[in-house]
Amino acid sequence: MIKTLIIDVEPLALDVLETYIQQMPELQLVGRCSNALEANEFLRKNPVDLIFLDIQMPRLSGVDFIKTLANPPMFIFTTAYSDYALEGYELNAIDYLLKPISMERFMKAVNKAMEQHELRKRDEAGESTTTGEGVEFFFVKADKKLVKIKYDDILYIEGLKDYVIIRLEQGRVVTLQTMKSLEDKLPLSRFKRIHRSYIVSIDKIHAVDGTSVDVYEKGQIKQLPIGKNYRDEILEIVNKNKL
């Protein structure tokens, strides 16, 4: 079961979420909090897999709260305002629910969280994140075909609005989808989101500084920017493997 925490300043909103969660056997409600500070204290003492949190909260917004967490659980924003959607997705939110939240929309968000939870479990167990045992590739639709992409061939992935460019050892593939949907297909142990517009193959990183990652592309160094929200995570990978 996915251990779930709900955070909202409105008691009624908490009641609605609790009712929905009780109807989902995959979810286990482990806590209710009315603000970010209370939630921070709860997270220090309790394991949580998924957070539903309001964005507009006193003293510390939901967006700012997520930024304070070194290793945040999966999270889904809930709000009455659509203005924060872009920033929410830049923080890798699983989903963004507009109030009033219907059960149908809630279930769709939970299904996304369940898929991501399964990917994380497989990655932690060292298993393939694809449906086939030991599979080292996936398919994307490009040029009216399904094109096979091998993980080992990927240098980095670049997002351009609704399109994604997969940069390979030999050439590139352009496909119509979002960075988030493609990121969810990739093994977490082999690929890292470093910017809202870039995912890099960890094996293909040549060098890292505080603002960019160097990758060899066609015999030349290609510098990829590191977004401020991803800097700590990429530097953590470097520090773990530094001699």
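Let's start with G62, which sits in helix α3; helices here are DSSP runs of H or I with at least four residues, strands are E runs of at least two, and both are numbered from the N terminus. G62 is buried, because its relative accessibility is 0% (buried means under 20% relative accessible area, exposed over 50%, and partly exposed in between, using a 1.4 Å probe and protein chains only). This is a predicted model, in which local features need pLDDT of at least 70 and side-chain atom pairs count only at pLDDT 80 or more, while totals for chains, interfaces and linings use all residues. Residues are numbered from 1 along each chain as its sequence is written, and side-chain values use heavy atoms, with hydrogens and water left out.

So who does G62 touch? Setting aside neighbours within four places in sequence, G62 is in contact with L53, D54, I55, M57 and F77, where contact means heavy atoms within 4.5 Å.

## I165 in its strand

Next up is I165, found in strand β9, which covers residues 163-168. I165 counts as buried because its relative accessible area is 6%.

Not counting residues up to four places away in sequence, I165 touches Y156, I157, E158, L160, R172, V173 and V174. T175 is 10 residues from I165 along the chain, and their C-alpha atoms are separated by 6.6 Å.

## Salt bridges

Side chains of opposite charge can pair when their charged atoms come close. Searching the whole structure turns up 14 salt bridges (a side-chain nitrogen of Lys or Arg within 4 Å of a carboxyl oxygen of Asp or Glu). One of them joins the side chains of K99 and D54, at 3.6 Å from N to O. This pair links distant parts of the chain: K99 is in the loop between β5 (95-98) and α5, D54 is in strand β3 (residues 50-54), and they are 45 residues apart. K99 is partly exposed, at 22% relative accessibility, whereas D54 is buried, at 4%.

Another salt bridge holds E136 and R190, at 2.3 Å from N to O. Here too distant parts of the chain are linked, with E136 in the loop between α5 and β6 (137-142), R190 in the loop between α6 and β11, and 54 residues separating them. E136 is partly exposed with a relative accessible area of 37%, while R190 is buried with 19%. Then there's the bridge between E158 and R167, at 3.1 Å from N to O. E158 is buried with a relative accessible area of 13%, and R167 is buried at 17% relative accessibility. Salt bridges that share partners also tie D8, D54 and K99 into one network.

## Aromatic pairs

The structure holds seven aromatic pairs. Rings of Phe, Tyr and Trp (its six-membered ring) pair if their centres lie within 6.5 Å, and planes under 30 degrees apart count as stacked, over 60 as edge-to-face and the rest as tilted. Take F52 and F106: their ring centres are 5.1 Å apart and their planes are at 20°, so this pair is stacked. F52 is buried with a relative accessible area of 0%, and F106 is buried at 0% relative accessibility. Y20, F52 and F106 form one aromatic cluster.

The rings of F138 and Y151 have centres 5.7 Å apart and planes at 40°, so they make a tilted pair. F138 is in strand β6 and Y151 is in the loop between β7 (145-150) and β8 (154-160), 13 residues apart. Both F138 and Y151 are buried.

## The largest pocket

Finally, the largest pocket has a volume of about 1,400 Å³. On a 1 Å grid over the protein atoms alone, a pocket is an open set of points where a 1.4 Å probe fits, with protein on both sides within 12 Å along at least five of seven lines, and lining residues have an atom within 4 Å of a point. A volume is the space filled by probe spheres set on the points, which are joined across faces, edges and corners.

The lining of the largest pocket has 41 residues, and N71, P72, R120, K192 and E233 lie nearest its centre. α5 gives the largest share of that lining, six residues. By class, the lining has 18 nonpolar, six polar and 17 charged residues (Ala, Val, Leu, Ile, Met, Phe, Trp, Tyr, Cys and Pro count as nonpolar, Asp, Glu, Lys and Arg as charged, and the others, Gly among them, as polar).
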